[in-house]
Amino acid sequence: MPLLLVLLLVVFLWMVLTYRARQRVRDCRWRENRGLDTPEGRYFVCMNCGAETFSADNMPPRLCLKGVPDPR
Ligand SMILES: [Zn+2]
């Protein structure tokens, strides 16, 4: 059953990736900057990695945005 093996590998990889993401969140310290607010939401910048985002619900992101979309 090679399909089962592939499925197992995918699940394992997913667990590793989500674990890493969770580890990253701990290092992230989001600071809000009300001076840079837009109609889209509150401006947040990560003090640790420098990622910037806008939050519609005025809550800091749960995920570190650095390294997820573009690995350098
Ligand atoms: Zn960060």
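A: Begin with pairing: two strands pair if DSSP finds at least two bridges between them. The model here is predicted. In this model, strand S2 (residues 42-46) and S3 run antiparallel and are joined by four bridges.

Q: Which residues of S3 are the bridge partners of arginine 42 and phenylalanine 44?

A: Arginine 42 has serine 55 as its bridge partner in S3. For phenylalanine 44, the partner in S3 is threonine 53.

Q: What lies between the strands in the hairpin of S2 and S3?

A: Five residues lie between the two strands of this hairpin. Glycine 50 has a positive phi there, near 85°.

Q: In what order do the strands of the sheet lie?

A: The order is S1-S2-S3, in an open sheet of three strands with antiparallel pairing. Strand S1 (30-32) and strand S3 (52-55) are the edge strands, each pairing on one side only. On average, neighbouring strands of the sheet are turned by 35° against each other, with direction ignored.

Q: Which elements does the protein have, and how do they run from the N terminus on?

A: There are one helix and three strands in the protein. From the N terminus on, the elements run α-β-β-β.

Q: Where is asparagine 33 placed?

A: Asparagine 33 sits in the loop between S1 and S2.

Q: With which residues is asparagine 33 in contact, leaving aside its neighbours within four places in sequence?

A: With those neighbours left aside, asparagine 33 is in contact with Tyr43 and Val45. Valine 45 is twelve residues from asparagine 33 along the chain, and their C-alpha atoms are 7.7 Å apart.

Q: What do burial and contacts show for the protein as a whole?

A: Of the 72 residues in the protein, 6% are buried. For contacts, take those between residues at least 6 apart in sequence: 16% of them join residues at least 24 apart.

Notes: Residues numbered from 1 in each chain as written. Predicted model: local features only at pLDDT ≥ 70, side-chain atom pairs only at ≥ 80, totals over all residues. Axes fitted to C-alpha atoms, helices over the stretch in contact; angles between N-to-C directions. Contact = placed C-beta atoms within 7 Å. Buried ≥ 20, exposed ≤ 12 C-beta atoms within 10 Å, placed from the backbone.
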